[in-house]
There are 2 protein chains.
Amino acid sequence: MSRPRAAIVATGSELVRGERQDRNGPFLAAEVVRLGLEPWRITIVGDVPDALEQALREAFFADLCLVSGGLGPTHDDRTVELVARVAGRELIVDPVLERKIGEISRGIAERLGRPYADFAAGVRKQATLPAGAISLGLAGTAPGLVLDTGSCVAVVLPGPPRELQRLWPRALETAPVRRVLERAPALRRRTLRFFGTPESAVAQALERAGGDGDGVEVTICAREFEIHVDLLAEPAADARAGALAEALRSELADYLFSEDERPVAELVLELCEERGYTLATAESCTGGLVSGRLTSVPGASRTFLGGVVAYGNDVKASELGVPQDVLERHGAVSAEAAAAMAHGVRERLGADVAVAVTGIAGPTGGTPEKPVGLVFVHACTPDDESGIRSELPGDRELVRGRATALALHTTRALLARTRHTPV
Amino acid sequence: MSRPRAAIVATGSELVRGERQDRNGPFLAAEVVRLGLEPWRITIVGDVPDALEQALREAFFADLCLVSGGLGPTHDDRTVELVARVAGRELIVDPVLERKIGEISRGIAERLGRPYADFAAGVRKQATLPAGAISLGLAGTAPGLVLDTGSCVAVVLPGPPRELQRLWPRALETAPVRRVLERAPALRRRTLRFFGTPESAVAQALERAGGDGDGVEVTICAREFEIHVDLLAEPAADARAGALAEALRSELADYLFSEDERPVAELVLELCEERGYTLATAESCTGGLVSGRLTSVPGASRTFLGGVVAYGNDVKASELGVPQDVLERHGAVSAEAAAAMAHGVRERLGADVAVAVTGIAGPTGGTPEKPVGLVFVHACTPDDESGIRSELPGDRELVRGRATALALHTTRALLARTRHTPV
């Protein structure tokens with residue numbers, strides 16, 4: 001499908017050195033996708049002029065080039081100068097801009113008790129634009145601008161994310177940017193989320209259904225131990241995208257858990273709330289990660305009462321009432337212990353629903369019968385329960401992450417099959 | 001100084017679409033700086049072959065090219081194929097690799113109850129390498145590799161950050177990468193970690209001490225709500241770097257907590273273990289994140305007994321023994337409640353040391369007297385205790401993350417001032 005392409009250039013030496021995460025690239029990229037353009041690349045460079053000039057030259061091959069950073073008053077802020085050079089434009093001082101930036105800088109000079117002369121060169125520099133550029137106004141003393149080079153529309157924005165996000169809507173209203181956006185098709189997005197099946201199985205199901213292309217773009221992405229599938233369709237390909245989604249839905253029905261963006265913790269809380277249930281957790285190897293995920297959802301306190309992290313065996317016995325007999329005969333990592341933990345926390349906290357997880361996260365503590373990665377999850381509601389045994393691959397952090405996902409998904413699946421009788 | 005250049009290419013359509021923040025670029029860039037190379041650019045592209053191929057061609061002008069992602073089993077994982085094309089190498093199936101990936105995939109197929117045939121094509125794809133490549137072994141089923149093109153050494157690593165970080169040290173041991181690193185100046189590294197002071201204060205202290213440059217490169221980086229400072233010195237500038245570090249140490253002594261890389265959770269557990277103490281947690285607004293951080297440290301079970309996530313007020317009363325009187329007069333978010341929670345969990349779990357945190361994470365629930373972000377932390381040992389009130393900025397996730405860091409650092413500071421009498 002032919003959509004206008006967008007390239008993003010983020011400049012800042014702290015970004016290219018890995019000292020700070022670039023937030024502007026992802027923000028602008030998501031905007032680009034929302035507007036129906038094709039996100040072509042994000043390039044992060046420092047303030048070395050060669051590196052920035054080369055990145056701009058490459059990005060100017062796109063239809064829209066979004067540049068952030070390097071608009072400050074000092075010698076290593078070179079973005080405007082290099083944009084002008086790459087576009088083959090002269091640099092011109094804008095007298096209106098110079099007066100405005102001058103006023104702001106006088107205020108700053110006064111507050112800091114420094115002579116305005118210290119600022120004058122910086123003011124002139126920040127009031128200098130490539131010939132033909134449209135000024136977007138100021139963020140602080142940094143001017144945003146739009147420049148139509150004939151083949152590419154460049155939007156130049158300040159580096160601080162809040163200032164960039166404030167000037168961005170103004171860029172969208174300029175005539176050159178609107179001309180690019182008019183060439184973009186309106187896309188419809190469908191989302192499918194799976195748990196318990198590998199990325200490759202989803203990819204194969206997609207291939208069997210005809211694959212993407214022809215106006216449908218499909219991304220398959222493993223995230224939070226789930227498989228997230230996005231289908232983006234041009235208007236003419238909407239029926240094909242619907243058929244692809246339906247094929248995935250039916251072939252992988254056992255693994256499909258959602259068709260929207262909400263995290264599984266939110267789905268668990270919502271299923272509880274719909275049924276008038278409260279929720280509690282009992283965790284051993286995940287050490288609080290399950291309750292951490294649940295409480296990351298705003299409003300979790302309406303449903304989630306709390307939990308017990310029972311790391312030591314004494315705590316499993318004293319706080320969750322796991323019988324010594326179970327711990328001795330089956331061990332703390334067993335289906336029996338997981339069930340006792342779930343029932344124990346449910347009773348202790350007076351919750352309707354509980355989930356427990358116990359396992360061996362490693363790197364040590366494994367045996368031939370109970371290897372590192374062995375995890376037991378047990379979930380229970382007032383009238384149903386569900387126990388899972390799984391051997392999870394990976395190191396300590398991966399096992400803990402996977403066990404957390406397994407606990408949440410086991411609870412979600414149990415609640416989903418529980419008849420919904422609103423109270 | 002003339003240093004070898006490194007370029008980073010991160011591929012993943014979810015990255016270039018702004019759906020997920022790239023973590024590999026910043027990690028690898030920081031590594032590149034640490035190793036004394038010049039970080040030239042980070043390019044983020046999706047799985048469009050043209051975009052990835054072009055990014056690789058540009059990056060291959062650097063001395064070292066680090067590529068992440070696109071190593072999966074599906075058709076849109078094209079990194080190996082395109083690296084081979086850009087380097088002018090054939091693709092060859094590695095039979096040893098094919099057997100290894102096959103074994104892992106058989107295990108996965110069994111666990112998921114799916115036929116191995118679903119995996120065979122993906123296995124062969126993942127066992128295919130450019131001619132002359134050095135295999136770095138597997139992360140999951142994804143192979144890492146190093147390829148010396150003559151002018152550029154390319155390191156290809158899997159996209160999941162944890163897997164990338166596991167294979168990266170192996171890449172550093174290969175002969176081609178070592179040859180690049182030998183051309184970099186040998187740098188001595190000093191690390192200082194601060195908590196409780198802003199990045200700008202550290203930057204100003206550095207400027208007052210003379211600033212970096214002249215063979216000393218200083219990076220100041222806010223991470224995990226701490227300020228991490230790295231000083232990298234060329235041999236001739238080692239004394240100057242030592243003086244800079246000493247200036248930071250003395251000016252910011254109250255905030256310095258470590259001169260190595262270990263996370264604060266590990267420091268807390270170590271301080272407990274040295275003193276023969278066991279540890280427990282009581283959490284409200286952090287919902288398990290503090291215990292989650294503590295249990296992420298291998299061997300945490302030697303010291304950490306467990307914790308109570310007391311999200312609802314009833315649980316604070318019933319499981320932690322917080323008096324109704326305290327809840328009614330001071331509220332669940334109060335210094336008094338935090339202290340009662342800490343003492344309660346210490347007694348209930350029979351621990352020597354306990355830390356409690358309660359607060360208002362938002363977005364709702366704030367009042368003029370108790371705004372969103374208000375957090376109380378209380379830590380206690382057998383003979384000392386420490387309570388902190390703080391108003392933390394940011395949204396729900398930031399407040400929870402900052403509160404978690406505050407709880408761990410409060411505990412660390414309390415333990416550090418407790419006389420160390422080994423038992």
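View 1. Ten strands line up in the order β17(A)-β16(A)-β15(A)-β13(A)-β14(A)-β14(B)-β13(B)-β15(B)-β16(B)-β17(B), forming an open sheet with mixed pairing. At the edges stand β17 (384-391) of chain A and β17 (384-391) of chain B; each has a single partner strand, so one side of each is left without a neighbour in the sheet. From one strand to the next, the twist averages 10°. Here strands (E, at least two residues) and helices (H or I, at least four) are DSSP runs numbered from the N terminus, and two strands pair if DSSP finds at least two bridges between them. This is a predicted model, in which local features need pLDDT of at least 70, side-chain atom pairs count only at pLDDT 80 or more, and totals for chains, interfaces and linings use all residues. Residues are numbered from 1 along each chain as its sequence is written, while chains are lettered from A and ligands numbered from 1 in the order in which they are written.

View 2. Eight bridges pair strand β16 (residues 374-381) of chain B with β17(B) in the antiparallel sense. Look for His378(B), whose bridge partner in β17(B) is Gly387(B).

**View 3. Where strand β2 of chain A meets β2 of chain B.** Strand β2 (residues 38-45) of chain A runs antiparallel to strand β2 (residues 38-45) of chain B, and five bridges join them. Arg41(A) has Val45(B) as its bridge partner in β2(B).

**View 4. The contact between the chains.** In chain B, 62 residues are in contact with 58 residues of chain A (C-beta atoms, placed from the backbone, within 7 Å).

Conventions
Two residues are in contact if their C-beta atoms, placed from the backbone, lie within 7 Å. Axes are lines fitted to C-alpha atoms, for helices over the stretch in contact, and angles run from 0 to 180 degrees between N-to-C directions.
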